[in-house]
Amino acid sequence: MTFFKTLIAATAAALITLPALANDAIMIDAPYARTMGGMGASGAVFFTVMNHAAEDDRLIDAKSDAAQKVELHTHKDDGNGVMQMLHVPEGFVIPASGSHALARGGDHVMLMGLTRELKDGDVVSVTLVFEKAGEVVIEAAVDNARKAEGGMMGH
């Protein structure tokens with residue numbers, strides 16, 4: 001029985017790493033989440049969106065039952081060398097035949113008021129809402145040990 005449990009766990013882990021597709025146009029690659037504390041704290045989800053369509057699309061919203069509030073955010077220098085995190089209600093343009101990275105230090109999906117404690121290896125389900133492609137559900141594994149990939153990519 002242990003063999004079957006291991007096989008099921010390995011299969012589930014492999015499926016999480018596969019890119020999510022939306023109507024052959026939008027693909028989500030390498031989603032992962034980080035958290036800042038336990039239940040009630042905050043977290044963020046990072047990934048790269050690839051748009052294989054001939055026209056631009058826009059990521060306009062995100063939803064998850066892992067947090068009381070989910071917003072699209074970015075970081076901006078306040079002019080005094082201090083980075084501020086800001087809500088981006090208009091979302092992020094995903095260029096035609098291009099990509100947009102949501103990475104640490106840049107654009108990201110913010111999870112505020114976590115509804116449960118998230119530990120390394122836990123999985124967060126997030127529904128991304130696109131202007132043209134509609135909804136895409138991704139599964140992001142929590143990986144607090146992952147190093148930053150450089151941030152501010154895809155702009």
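**View A. Lysine 69 and its salt bridge with glutamate 71.** Lysine 69 has a relative accessible area of 46% and is therefore partly exposed (buried means under 20% relative accessible area, exposed over 50%, partly exposed in between; 1.4 Å probe, protein chains only). The side chain of lysine 69 forms a salt bridge with that of glutamate 71, at 3.3 Å from N to O (a side-chain nitrogen of Lys or Arg within 4 Å of a carboxyl oxygen of Asp or Glu). Glutamate 71 counts as buried because its relative accessibility is 13%. The model is predicted: local features need pLDDT of at least 70 and side-chain atom pairs pLDDT 80 or more, whereas totals for chains, interfaces and linings use all residues. Residues are numbered from 1 along each chain as its sequence is written, and side-chain values use heavy atoms, without hydrogens and water.

**View B. The salt bridge between glutamate 135 and lysine 63.** Three salt bridges are found in the whole structure; in one of them, glutamate 135 and lysine 63 meet at 2.8 Å, N to O. This pair links distant parts of the chain, 72 residues apart, with glutamate 135 in strand S11 (residues 134–142) and lysine 63 in strand S4 (residues 57–63). Strands are DSSP runs (E, at least two residues) numbered from the N terminus. Glutamate 135 is exposed, at 52% relative accessibility, and lysine 63 is partly exposed, at 38%.

**View C. The aromatic pair of tyrosine 32 and phenylalanine 46.** One aromatic pair is found in the whole structure (ring centres of Phe, Tyr and Trp, the last by its six-membered ring, within 6.5 Å; planes under 30 degrees apart are stacked, over 60 edge-to-face, the rest tilted). The ring centres of tyrosine 32 and phenylalanine 46 lie 5.2 Å apart with planes at 40°, so the pair is tilted. Both residues are buried. Arginine 146 lies over the face of tyrosine 32, at 3.8 Å from the ring centre (CZ of Arg or NZ of Lys within 6 Å of the ring centre and within 35 degrees of the ring normal).

**View D. The surroundings of arginine 34.** Arginine 34, in strand S2 (residues 26–36), is buried yet has no salt bridge; the nearest side chain of opposite charge, aspartate 143, is 6.2 Å away. A polar atom of the arginine 34 side chain lies 2.6 Å from the backbone oxygen of asparagine 144, and one lies 3.3 Å from the backbone oxygen of arginine 146. Arginine 146 itself meets aspartate 143 in a salt bridge at 3.3 Å, N to O.

Notes
Helix = DSSP H or I, 4+ residues; strand = E, 2+ residues; numbered from the N terminus. Lys, Arg positive; Asp, Glu negative; His and termini not counted. Polar contact = N/O pair within 3.5 Å; in protein donor to acceptor, adjacent residues only side chain to side chain.
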